[in-house]
Each structure stands twice: as C-alpha cells, then as structure tokens.
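Please read these points with the model open beside you.

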Amino acid sequence: MEYTRLGSTGLQVSRVCLGMMSYGSSSWRDWVLDIDAARPQVRVAVEGGITFYDTADVYSLGVSEEVTGTLLTEFFPRREDYVLATKVRSPMSDRPNDAGLSRKHIMASIDASLRRLGTDYVDLYQIHRWDPETPIEETMEALHDVVKAGKARYIGASSMYAWQFAKAQFTADLGGWTRFVAMQDHYNLIYREEEREMHPQCLDQGVGVIPWSPLARGRLARVPDQHGTTTRSSGGDPIADRMYNESDEAVVHAVADVAKARDLPLAQVALAWMLHKEAITAPIVGATKPGHIEDAVAAVDIELSDEEIAALEAPYVPHPVLGHQ
C-alpha cells in the first residue's frame, strides 16, 4: 500500500479508501452485509494496509457507523492508526429538522455520529451534497465550530457544481472559517465530467479528491454480458440506470482489452487508471467480497503506459451531469 497527503494537508491516507456503505443492515438495502459478514472484508482491508475508511450517518440509518466503529476498534490497536470519515445532510427520519445542513442539524448529527462510531472525533466530516435551502454561511460557520470543538479534524464536501464548491470556500475565507480539504465526487472511466471543472479547481486549491463509485457500480469490473449478476443490481439499480447507458459498453470493452493483454482483472485496470490521475488522492471502493478489496490494493502497484491510458479513454462519450442530488 502507498500513502499520500490528503490534498495540501499534512494528513496521510492510504491510496485506497474502503467505503463502508455496504456494511450495516440489510433492512436498509438487501445487498448490505451485517457486522459478522462485514468483518472478513475489513480484516482484508486492514491487512492490505488500508487506513482510510468512509461512511455516512444515512447509510443503514446509522447502523453503518455502528459497524464501522466496532470493527475499526477491533482491528486497529490505536485510534490514531486509521483515518475515519463520515457525512451529514441526508434525511435520518421524516422529522423536519432531521436533514439538511442547518446549524441545528449539523450540531445534532456530529454528536449522534460520534456516539455510533464510538469515538471522540472523526478525521474528516463531510457535507453529503449541497443544501439549497440553507445559507452557505450558516453551514460553513457550523462546520468550523465542529472543528474548533475538536469533534472533527478536517471537513470535506461531496458531489456538487464547481461554482457551489468555490462559493463555499470563498465564504469560509470571508468568515475566517475552516475550508474544505476534500471533495468526494462521482468519477470513473464511464463518468468523467468532473475533469472539466471540479478536478482542475481542486488541483489549483490543494483539495484532495476521493471519488465514489470508481467502478461505476461494478460495471467496470465485468464485461457487458455479465452485467446484472450482482446482488446489488439483480433487482435493478435506478440510480445507475440514470447515470450509465449502452454507449458506455465501449469503455468497458476497452478495459477488458487492456486487462486481457495484461492478464489482470478488469477492476484492477479501471482502478489503476484512476490512480494515475493527478487530482485523485484515493478512490472509495465498496466491497462485499474480500476479492474486491484485494483487487483495489493490487491496483496501487499497476503501472499503465501512456498508450494503455489513451486506449481506455478513447471511447468516452460525454454524459449529463449527474450525482449531485
């Protein structure tokens, strides 16, 4: 495993982040693993050198945070040995103040997350998308107070328009408040729209990029005639159906061609491509089998040639901007 700084901060993270959304309660999503089924995946991650773990309060409505806190405590001897990230914004109930990025919700949510995670602080506290109903000044000051209270070391944001991210950072500067150090956005070989504005902005501002769905919900890990074979996609995936279409199959075939020539799994090639990108700090990889994590760890050591990268990128077709809601 390799380690790198998160953006321009001094925080060292592994080049692969394990996404913990897959662990929690199957009553939330039928493909989610409970704690006993999740334990082997986390063990493989720890043994592979992964020190960076990402969850959110909304995943399994809090159970993912409980599982994450329990398992990381089991496998790491000290809290200082891993980097823990969680998120706030998504509805946790149908009560009017149990969602969004108001000061009230942020302050209540960080305390609830810390209780579920069993820790005094998170390393990275992220807003789970933009909240159009709350003034950004209110959000940034509340996040700053979370940091100053010692409940979060850094703050980050997730999928939004580049102008929104710039507005948030400018607002933080005006108020003398904490800036975002990370952007968790939707990015993979099939969806590369973030290369137009968000990634150049992050490079310019020293912000680390930690993409979600680096394998396009598994589409980049299987040739097209194998799609729909996972538990997650067997009943249909309406989110992915909006994001991806038949034109993307040419990209998957390009990945398959490079993988065949190198005698590598498709997933390793797709992740290796992402790790070659200057803006990328660490892709967030979801895993329901130990092999998924092993592929991600192995991808760190794969060197792709300029010709291979060009072949992987050539079939790309522009997409509508998606993933911001």
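Which residues in α9 meet which in α10?

1. V252, V255, A256, V258 and A259 in α9 meet L266, V269 and A270 in α10. Contact means heavy atoms within 4.5 Å. By class, this contact has eight nonpolar, no polar and no charged residues. Ala, Val, Leu, Ile, Met, Phe, Trp, Tyr, Cys and Pro count as nonpolar, Asp, Glu, Lys and Arg as charged, and the others, Gly among them, as polar.

2. This is a predicted model: local features need pLDDT of at least 70, side-chain atom pairs count only at pLDDT 80 or more, and totals for chains, interfaces and linings use all residues. Residues are numbered from 1 along each chain as its sequence is written, and side-chain values use heavy atoms, with hydrogens and water left out.

3. The axes of α9 (residues 249–262) and α10 (residues 266–275) come within 9 Å and cross at roughly 105°. Axes are lines fitted to C-alpha atoms, for helices over the stretch in contact, with angles from 0 to 180 degrees between N-to-C directions. α9 and α10 are therefore roughly perpendicular (65 to 115 degrees).

4. The chain has twelve helices and ten strands. These are DSSP runs: helices are H or I, at least four residues, and strands are E, at least two, numbered from the N terminus.

5. Along its principal axes, the C-alpha trace spans about 55 × 40 × 35 Å.

Technical notes
Parallel < 35°, antiparallel > 145°, perpendicular 65-115°, else oblique.
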